[in-house]
Amino acid sequence: MNARKVAGCMLALVEFILSVLFIWFAISTKVIPMKYLLLAGIALGILPILVVIMQIKKTTGIVGIVISSLVCVALCYGIYLVHHTDKTLDKVTGTTTEITVVNVYVTKDDPAQSINDAVNNNYVFGILKEGEREKVNEAIAEIEKDLSTVLQIKEYPSIFDIAAAVDGGEIKAFIVNSGFVEALDGSEEYTHYSDKLRVLIEKKIETEVPVTTPVEKPEVPKQAGSFVAYISGIDTFGDVSVKARSDVNILAVVNRNSRQMLLLSTPRDYWVPLTVSGTSRDKLTHAGIYGIDVSMGTLEMLYDVNIDYFVRVNFSGFENIINALGGVDVESQFAFSTKMGTNSYSYQVGKNHLMGDAALAFARERYSFRDGDFQRGRNQMAVIKAVVSALESSKILSNFTEVLDSLASSFETNMSKDELGELIQEQLQTDKSWTVLTYSAKGTAAMRPCYSSGGGERSVVLQDDASIEYANELIRKVLAGETMTQEELNNNAP
C-alpha cells in the first residue's frame, strides 16, 4: 500500500473518531432532536468508509483525502460549538443559589480608609433591625473574627433612618445588604445616594434559594407542557446572582401546545404584602432585595397561579444578549426621547431597530409617558417580544457563540438543563412561531407606609382589583389552551 493510500485511510480513521466525539457532545447538550443526530450519525459513519473506498484509484483517492480533510476541520469546529453550548447550558440552568452582598459603608469624605481605621476610631456601625439580618450577622461575625474585636452596633428600623443618622452625624458607618442602598437610590429624597458612599469592606454570602411553598389557589385547568416562569430584571450591573431590586417583574405564561405566551407585567411599585413582611405591604421591586423566592412568592399571592420557574437577567446582560443578536426590532407605541448616562436616544412610533444600550434605555424610561411606570412595563414586554422573535430567526445561528457568551454571564434560571433542552428541541422541530400576548396590571399612584422603610410613607401604586381578576382570567385561558388575539385581549380588558 503506497503512502497516499495509507494517509487516506489514517485520515478516514481520524474522521471517524471526530464523528463519534461530535455525536457524543451533541447528545450531551440535550438540545438537538434525536432524529437529526441519527441522520448525522449515519452520514458521518458512511463518509469515512467512502474515503477508504476512494483510495483504490489515485484520482478519487486524492479527492477523498481533500473531502475528509474538510470534514475533519468542520467536525473540530462542530465539537467546539456543541461543547461550548453544553458548558453554557450547565452554567445558566439548574440555578439553586443566590449571593447576598453585605457592605460596610462610610461617606466618600470619611477619613477611615479601611475597616481597621473605623474600628480603631471607635465607630458605631448602624444596621437594620430587620432585613436580611441573618446575612448581616454572618458578615459581622466574619469581620469580628478577622479583627479579633467586637463591633459597636446600633439598630435602626429602616435604611432611610440609617441614611438620616449618617447625614445627621449620629453614626459614621453602617452595614447592610447592598440592595437596600439601591432602594435608597430609587427614592425621591435620596436619589443617587450611593454616589456619596464608599465601601470599606465587602462580604459575599452564598445561600440556597428556598423552594417556594405552593400557594393555596383555586384549581386551574392546565394542559400538559404548560408552565409559568417569573422573569426578573434586576436593577444592577454585574453578577446576575446578587440579590437586588427587581425592576422588571413579568410572568411568562407559556402553553407549548397552542404556541401561546402571555407576558403579564406588574408595576415595580405595586403595593403588596411580601412573603417576609407579614401583613405589612411594600413595593414589589423591594421583594428582590430579600431574594428571588420572595419575589416569586409575592407574585403567587397576588395572582391565582403557582410559578414553576424563574429567569433572572441583569441590566448588563440585557445589553449583551441584544448586542449578540445583532439588535432587535422593537415596536414603540409612542415617539419619545430619553437619556441614559451621557447618551441620548430617540424612538419613533412603530418599528425601531435597537442595539443593547438603546433597548435598555427604551425599557427603563418612564418619565416621558403620562402612564409612567405602566408604559415602562409595556415597553419592557415589547423588548421581550422582539427578543423572542430574534431567537426564532436565523440571526441566532450567525451569532451563535456571541449569544452563548452573553447568556453565560448575565442569565440564569432554575429550569433544568433537560427541561430547557426539551424546549429548544421543540423549537427546532417546528415551523410554528409563538403568539406573544401582553397585558399590564393597572393601578393608581398613592403614598402609603412601606415595610422596607420602617413604616414610612413612600410613593406606591395601589392595585386595581378588576385588573388583577382579568389577569387571572388570562392566565387560566392560556394554561388551558384557549387561544386569543391581542385585539381580543385589549377589547375585553377592564
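## Briefing: cavities, helix packing and selected residues

In the largest cavity, the lining divides into three nonpolar, six polar and five charged residues (Ala, Val, Leu, Ile, Met, Phe, Trp, Tyr, Cys and Pro count as nonpolar, Asp, Glu, Lys and Arg as charged, and the others, Gly among them, as polar). Please keep in mind that this is a predicted model, where local features need pLDDT of at least 70 and side-chain atom pairs count only at pLDDT 80 or more, while totals for chains, interfaces and linings use all residues. Residues are numbered from 1 along each chain as its sequence is written, and side-chain values use heavy atoms, with hydrogens and water left out.

**The chain as a whole**

- The chain has 17 helices and 19 strands; these are DSSP runs, with helices being H or I of at least four residues and strands E of at least two, numbered from the N terminus.
- The C-alpha trace spans about 90 × 65 × 45 Å along its principal axes.
- Of the 494 residues in the chain, 52% are buried (buried means under 20% relative accessible area, exposed over 50%, and partly exposed in between, with a 1.4 Å probe and protein chains only).

**Cavities**

- Rolling a probe the size of a water molecule over the atoms shows where empty space is left.
- Two cavities of 30 Å³ or more are found in the structure; on a 1 Å grid over the protein atoms alone, a cavity is a set of points where a 1.4 Å probe fits but cannot get out, and lining residues have an atom within 4 Å of a point.
- The largest cavity has a volume of about 80 Å³, where a volume is the space filled by probe spheres set on the grid points, which are joined across faces, edges and corners.
- Lining the largest cavity are 14 residues, and Ala183, Gly186, Ser187, Lys283 and His286 lie nearest its centre.
- The second largest cavity has a volume of about 60 Å³.
- Around the second largest cavity, the lining residues are Asp247, Val248, Asn249, Ser265, Thr266, Pro267, Arg268, Asp373, Phe374, Gly377, Gln380 and Ser440.
- Two or more residues of the lining of the second largest cavity come from each of β7 (246–255) and α12 (373–392), and α12 gives the most, with four residues.
- Sorted by class, the lining of the second largest cavity holds three nonpolar, six polar and three charged residues.

**Helix packing**

- Two packed helices are described by the angle between their axes and the distance between the axes.
- Helix α1 (residues 3–29) packs with helix α3 (residues 58–92) at an angle of about 25 degrees, and their axes are 8 Å apart; axes are lines fitted to C-alpha atoms, for helices over the stretch in contact, and angles run from 0 to 180 degrees between N-to-C directions.
- That angle makes α1 roughly parallel to α3 (under 35 degrees counts as roughly parallel, over 145 as roughly antiparallel, 65 to 115 as roughly perpendicular and the rest as oblique).
- α1 and α3 have a left-handed crossing, in which the near helix is turned anticlockwise from the far one by less than a right angle, whereas clockwise would be right-handed.
- The contact of α1 with α3 has 17 nonpolar, ten polar and four charged residues.
- α3 also packs with helix α14 (residues 400–410), at an angle of about 20 degrees and with the axes 9 Å apart.
- α3 and α14 are therefore roughly parallel to each other, and their crossing is left-handed.

- Lysine 30 is not a glycine, yet has a positive phi of about 65 degrees.
- Lysine 30 is in the loop between α1 and α2 (34–54), and counts as partly exposed at 35% relative accessibility.
- Serine 148, also a residue other than glycine, has a positive phi near 50 degrees.
- Serine 148 sits in the loop between α5 (133–147) and β3 (152–156), and counts as exposed at 68% relative accessibility.

**Sequence separation and distance in space**

- Isoleucine 42 belongs to helix α2 and counts as partly exposed, at 45% relative accessibility.
- Isoleucine 42 and tyrosine 367 are 325 residues apart along the chain, and 59 Å separates their C-alpha atoms.
- Tyrosine 309 lies in strand β11 (residues 309–314) and is buried, with a relative accessible area of 15%.
- From tyrosine 309 to methionine 296, 13 residues apart in sequence, the C-alpha to C-alpha distance is 9.0 Å.
- Alanine 358, in helix α11 (residues 356–364), is buried with a relative accessible area of 11%.
- The C-alpha atoms of alanine 358 and asparagine 343 are separated by 9.2 Å, with the two residues 15 residues apart along the chain.

Definitions and conventions: 1 Å grid on protein atoms, 1.4 Å probe; cavity = no way out; pocket = protein on both sides within 12 Å on 5 of 7 lines; lining within 4 Å.
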